[in-house]
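Have the sequence and the 3D view open as you read.

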Amino acid sequence: MRALVYNGARDVSVKEVPDATIEDPTDAVIRITTTNICGSDLHMYEGRAGVEEGTVIGHENMGIVEEVGPGTTRVKKGDRVSVPFNIACGTCRSCNEGWTSFCERTNPTEGMQGAAYGYANMGPYRGGQAEYLRVPYADFNLLTLPPGDEHESDFTMLSDIFPTGWHGVELSGFRPGDRVAIMGAGPVGLMAAHTARIRGARDVFVVDQHPDRLKLASEIDCTPIDFSKGDPVQQILDATDGEGVDRGVEAVGWQAHDTGGDEHPELTLDNLVQVVKAHGGIGVVGVFVPQDPKSPGKAAEGRIGWDYGTFFTKGQQMGTGQAPVKRYNRQQLDLILAGVARPSFIVSHEIPLDEAPDAYRHFDQRDQGWTKVLLKPSA
């Protein structure tokens, strides 16, 4: 089968790789209809996440069930499904408590809980930027979708970024009527903004410097904050008569940078600590890693020198970590079907899998208009 393979920093290509097959009785094999390039894929693409050469990338996947193992009883051939990026066993303590992003059985990497498709340190599982994908524990993990091809561009967001944006808002302790500040108007930040609006936010401020992303924020009734035009904290304080916001969502991660392109891993955290009110909450779903030799200073060891003193003094709360997709995806599916949620508003490109290397270059360079790329392996 054809698949996108990581060859080294900023070098990916579509190659022939061994077919996805049933390896365990509880497996299913999915024919991929849509697979997305995720902002977190860029950490690997840039050589910043320790991914091994030869890895098939891709954790935002959906498609049609082609084959099931003898132990798979709920899911059947021909089902249209969304594949959560979490690979979870469904029976460990974390899974039973709803934290499928921290499954205790699926990742053999020492010191790591939680597994995913085609991602560094998240287990030996191949990704879905390919024609086919093996899904372990298929009955537990797969979300069955209405048949046909309607809502394809909405449903493809259910595998990761829509649940992840929702999770960021949830981690912040959000309540209807709250004001929210979101750092980053990439796909996850925009999904967090969409979530906050759906859930009844009073105001939503979205901070970025890219005009195309900020335009999308304004189109969903959020206030764009361009940090290239001035301190984003002061802009939000001015817009709220000095009050600030109740909740903040960090959707950038450790590669946050200033207008000149210099990295400051603490930048977005510090901004949120300053702009969120006393006893407010912050949800962090941007990726932070235990180590990255290319990061400045102690951030290379995963040590981020952020403003913890002010955070403590203001009595703020913070939640972090990868989204347990199954906690949210079923209700989000219902919201899409009801016309309440429309996560496809961020889609800029739908292209064949063979054009993925060029798409990665555009997305990595934040080229104007490249906000979300959907890959079509069968195109």
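In which strand does Leu133 lie? Leu133 lies in strand S8, residues 132–135; helices (H or I, at least four residues) and strands (E, at least two) are DSSP runs, numbered from the N terminus.

A quick word on the ground rules. This is a predicted model, where local features need pLDDT of at least 70, side-chain atom pairs count only at pLDDT 80 or more, and totals for chains, interfaces and linings use all residues. Residues are numbered from 1 along each chain as its sequence is written, and side-chain values use heavy atoms, with hydrogens and water left out.

Back to Leu133: it counts as buried because its relative accessibility is 1%. Buried means under 20% relative accessible area, exposed over 50%, and partly exposed in between (1.4 Å probe, protein chains only). Not counting residues up to four places away in sequence, Leu133 touches several residues, including Ala20, Ile30, Val83 and Tyr117. Contact here means heavy atoms within 4.5 Å.

Now for the cores. A nonpolar core is a set of buried Ala, Val, Leu, Ile, Met, Phe, Trp, Tyr and Cys residues joined through side-chain atoms within 4.5 Å. The largest one has 38 residues, and Leu158 and Val204 have the most contacts inside it. Helix H6 (187–198) is among the elements that each supply at least two residues of this core, and H6 gives the largest share, six residues. Leaving aside neighbours within four places in sequence, Val204 is in contact with residues including Val180, Ile182 and Ala193. There's also a second, separate core of 25 residues, with Leu4 and Trp370 among them.

Next stop, helix H8 (residues 232–239). Which of its residues are buried? Pro232, Val233 and Ile236 are. They cover an arc of only 105 degrees around the axis, so they sit on the same side of H8; the arc is that of the directions from the helix axis to the C-beta atoms. Among the elements covering these buried residues are strand S11 (203–208) and helix H9 (267–275). At the start of H8, a side-chain oxygen of Asp231 comes to within 3.1 Å of the backbone nitrogen of Val233.

| Residue | Phi | Relative accessible area |
|---|---|---|
| His279 | near 55 degrees | 62%, exposed |
| Arg366 | about 55 degrees | 29%, partly exposed |

His279 lies in strand S14 (residues 276–284), while Arg366 lies in the loop between helix H12 (356–364) and strand S17 (373–376).

Definitions and conventions: Polar contact = N/O pair within 3.5 Å; in protein donor to acceptor, adjacent residues only side chain to side chain.
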